[in-house]
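Have the sequence and the 3D view open as you read.

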Amino acid sequence: MSVRCAVGLLRGGRRRVLGGLYFCSANRLSYQFSRPTFKQKPVSLSQQSVLLPGPERIRSSQLLEDPNEPISQIPGSPEIETVFQVLEHGRQVSGDADCVGTKIPNTKEYKWLKYSEVISKSQSIGSGLIELGLSPCNDTFVGIYAANREEFLLTLYGCSAYSMVLVPLYVSFGLQSLLFIINQAHLSVVIVNNVENGLKILRSAEQLPTLQTVVTMDPPSPELEKVAKEVNLKLISFADLEKLGEMNKKELVLPKPDDLFCIPYTSGTTGVPKGAMLTHKNLISCVASLVVGYGDAGVFGGTIISLLPPAHIYEIANEVCSLYFARRIAFYSDDIKKLMDEVKILKPAILPFVPRILNAVYTHVMDSVKGSYVKSLLLKTALQRKKKLLQSGQVLTKNIWDKLILKKIQDALGGNCRMLITTSAPLSPEVMRFYRYALSSYVFEVYGQTEGMAFTMTLPEECEGGFVGPPLPCNFVKLVDVPEMGYYAKDDIGEVCVKGANVFKGYYKNEEASKESLIDGWQHTGDVGKWLPNGTLKIVDRKKHLFKLSQGEYIAPEKIENVYSRSKMVLQIFVDGLSDKDFVIVLVVPEPVSFQNWLKTKGCQNTEDLESIFSNKEIRLEFLKELHKFGKMEDLNRLEQARNLVFLPDPFTIENALLTPTLKVRRKQASKHYEETIRQMYKEGPLL
């Protein structure tokens with residue numbers, strides 16, 4: 001996505017819903033849901049976590065009544081124990097308002113399903129799966145291989161209504177990963193979004209002995225029907241599956257809290273994918289933490305965009321949480337170039353954006369005022385005034401500074417943003433402050449993994465950045481020594497370990513990996529964190545991604561990348577090195593606009609001739625010096641500072657297999673892909 005596009009980014013029985021009551025003839029359950037009125041404890045931004053007594057230096061949330069007792073149930077809604085019950089809660093709280101929406105092609109309109117319709121359709125999908133031969137129990141796994149669509153959410157809730165387990169698959173998974181997961185999970189039914197993905201699976205049917213049925217969201221093509229017949233597999237459309245279930249509605253078979261909800265597979269920077277076994281309790285505890293964590297900032301109602309890949313556990317958690325808060329979920333059209341146009345149409349109250357989009361918008365705004373002293377001064381003054389208003393408790397978007405200076409920025413993000421949530425990569429303090437002040441919006445930075453969804457989150461009142469906040473109310477966090485990297489917990493730095501109701505049960509059919517990851521109930525994340533004086537956590541390194549230089553010194557490339565990425569001229573970056581060499585090298589995909597502006601300051605006349613520019617040794621050297629400035633500010637030692645640099649004309653993408661679906665660099669693949677480039681860099685020697 002260009003910078004300009006970013007600106008422009010669960011037989012026979014019946015169930016009935018009456019008023020605020022939820023009845024289920026199968027389970028004889030009756031719930032009275034109500035909108036909770038949870039009042040958050042007064043918070044301290046100077047000490048945001050509680051250090052518990054003992055040598056392990058465990059920390060917990062300051063929002064807990066008892067810091068020794070993390071929560072697992074939703075305050076004010078203890079009757080909600082499973083994901084399906086969250087959906088019914090949203091229906092009651094919203095008054096059966098719009099729930100999920102899909103953009104109508106070639107229009108600016110969205111078609112919406114109400115909460116009751118989503119509940120009914122989900123039951124039809126679950127019932128249809130049972131009619132296909134699946135059992136409504138926790139040993140039944142259903143695969144779904146699709147992009148962001150309402151059918152994904154309907155399948156998720158169709159499985160949840162009948163105790164079945166969802167196995168979400170990234171559409172970007174390579175064929176071998178896809179085959180591995182289908183076989184390991186013994187999937188008999190896989191739901192796909194389109195003909196292309198249907199063909200990919202059907203043409204590999206000989207390698208999939210358990211597969212019996214493929215369900216396609218798009219109408220099946222003649223070719224798809226032909227291939228299905230040739231391999232003797234059942235092919236059915238999603239619409240027909242829903243009709244089948246609608247004519248044969250089953251009584252609900254709700255799972256228990258400790259039953260499996262889904263098994264998302266890690267995207268895998270190395271090796272084969274691992275399936276994280278997540279329970280309903282895991283998900284509900286995360287919802288509970290957000291209810292507590294948001295406090296008065298919790299946004300009931302409003303619209304949220306489904307943007308992250310639906311197989312991403314954070315996207316799943318986002319959707320479940322949003323339904324609890326009675327929001328409506330809009331599924332974007334899967335065209336990243338049109339994302340910001342859809343944002344303007346939907347005017348969302350909650351934006352779950354990745355840092356890359358936020359950075360692009362920020363860079364565009366800053367560059368647009370750089371050439372004018374008056375514009376720069378006005379923007380700076382407006383942000384300072386909004387900062388003072390926020391610090392005094394005034395969350396406003398209609399004062400003179402909004403009307404004159406900040407309205408265009410607010411309108412670019414829909415003009416109605418009340419909560420901005422970011423995850424997957426660090427957000428710089430400068431960028432976080434910009435959005436907090438410019439939008440008068442709560443900005444939450446969340447840190448987590450597939451194995452537990454979310455572990456820490458910044459507080460609503462926070463106006464600063466550079467950290468991922470204190471522990472969530474549902475878990476403890478501690479740091480453990482990483483002696484090979486010189487990190488020790490006594491110094492408040494070490495590997496991040498998490499324990500709580502949100503932590504997964506282990507990896508499916510992978511006992512060895514489970515034992516390595518889960519030790520005495522603590523999830524060892526592999527990330528290196530540091531406790532800051534204000535009691536928040538900062539992720540500073542990655543434990544496993546180490547290489548050794550010829551001097552015998554270990555280098556942590558992600559640490560260096562995090563530092564260098566603070567340059568607005570860096571779009572993507574990859575640091576590497578060889579064990580028989582004595583210095584580090586860096587490969588950079590420059591951010592187009594900032595890079596061209598920088599080139600002009602260096603006297604470069606033709607900034608469009610990238611081939612010549614990228615090969616210019618003097619420009620490479622000057623850019624490397626710019627990165628070294630950031631390295632010095634963060635005290636990178638002499639060996640950590642890269643000494644040779646090359647520019648890459650093509651970005652790391654999921655399509656070229658250099659990024660995981662969660663947008664992390666596949667380090668092994670990247671090293672191999674650029675093997676010749678790296679060899680030439682070492683042959684050339686250090687630039688600096």
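This is a predicted model: local features need pLDDT of at least 70, side-chain atom pairs count only at pLDDT 80 or more; totals for chains, interfaces and linings use all residues.

Every value below is computed from its atoms.

## Salt bridges across the chain

How many salt bridges are there? The count comes to 25.

Start with K478 and E56, whose side chains meet in a salt bridge at 2.6 Å, N to O. The two partners sit 422 residues apart, so this pair links distant parts of the chain: K478 belongs to strand 21 (residues 475-480), while E56 lies in the loop between strand 4 (49-51) and strand 5 (59-61). Is K478 buried or exposed? K478 counts as buried because its relative accessibility is 9%, which is under the 20% cut-off. E56, at 41% relative accessibility, counts as partly exposed.

Next come E242 and K121, with a salt bridge between their side chains at 2.8 Å, N to O. E242 is buried, at 16% relative accessibility, whereas K121 is partly exposed, with a relative accessible area of 23%.

R433 is found in helix 15 (residues 429-439), and E464 in the loop between strand 20 (456-457) and strand 21, 31 residues apart. R433 counts as partly exposed at 27% relative accessibility, and E464 is partly exposed with a relative accessible area of 30%. For a network, look at D98, K114 and R328, which are linked by salt bridges.

## Two residues to look at

S285 is part of helix 9 (residues 280-294). This serine is buried because its relative accessible area is 0%, and the cut-off for buried is under 20%. A polar atom of the S285 side chain lies 3.3 Å from the backbone nitrogen of N502. Which residues does S285 contact, leaving aside neighbours within four places in sequence? They are I71, S72, C474, A501 and N502.

G465 is placed in the loop between strand 20 and strand 21. It counts as buried, at 14% relative accessibility. Not counting residues up to four places away in sequence, G465 touches P429 and M432. To get a sense of scale, try the distance from G465 to H280: their C-alpha atoms are separated by 32 Å, and the residues are 185 apart along the chain.

## Enclosed cavities

The largest cavity holds about 130 Å³ of space. It is lined by 14 residues, and those closest to its centre are C286, L290, Y314, A317 and A454. Helix 9 and helix 10 (313-324) are the elements that give two or more residues to this lining. By class, the lining has 13 nonpolar residues, one polar residue and no charged ones.

About 40 Å³ of space lies in the second largest cavity. Its lining is made of S61, L63, G293, M457, L459, P470, P471, L472 and P473. Seven of these are nonpolar and two are polar, with no charged residues.

## The second largest pocket

The second largest pocket has a volume of about 970 Å³. Of the 37 residues lining this pocket, T102, K103, N148, R149 and S333 are the closest to its centre. Several elements supply at least two lining residues each: strand 6 (98-103), strand 7 (110-114), helix 4 (150-161), helix 6 (195-202), helix 8 and helix 11 (339-346).

What classes of residue line the second largest pocket? The lining has 13 nonpolar, nine polar and 15 charged residues. The lining of the largest cavity, by contrast, has no charged residues.

How values were computed. Residues are numbered from 1 along each chain as its sequence is written. Side-chain values use heavy atoms; hydrogens and water are left out. A salt bridge is a side-chain nitrogen of Lys or Arg within 4 Å of a carboxyl oxygen of Asp or Glu. Helices (H or I, at least four residues) and strands (E, at least two) are DSSP runs, numbered from the N terminus. Buried means under 20% relative accessible area, exposed over 50%, partly exposed in between (1.4 Å probe, protein chains only). A polar contact is a pair of N or O atoms within 3.5 Å; within protein, one must be able to donate a hydrogen and the other to accept it, and residues adjacent in sequence count only if both atoms are side-chain atoms. Contact means heavy atoms within 4.5 Å. On a 1 Å grid over the protein atoms alone, a cavity is a set of points where a 1.4 Å probe fits but cannot get out, and a pocket is an open set with protein on both sides within 12 Å along at least five of seven lines; lining residues have an atom within 4 Å of a point. Grid points are joined across faces, edges and corners, and a volume is the space filled by probe spheres set on the points. Ala, Val, Leu, Ile, Met, Phe, Trp, Tyr, Cys and Pro count as nonpolar, Asp, Glu, Lys and Arg as charged, and the others, Gly among them, as polar.
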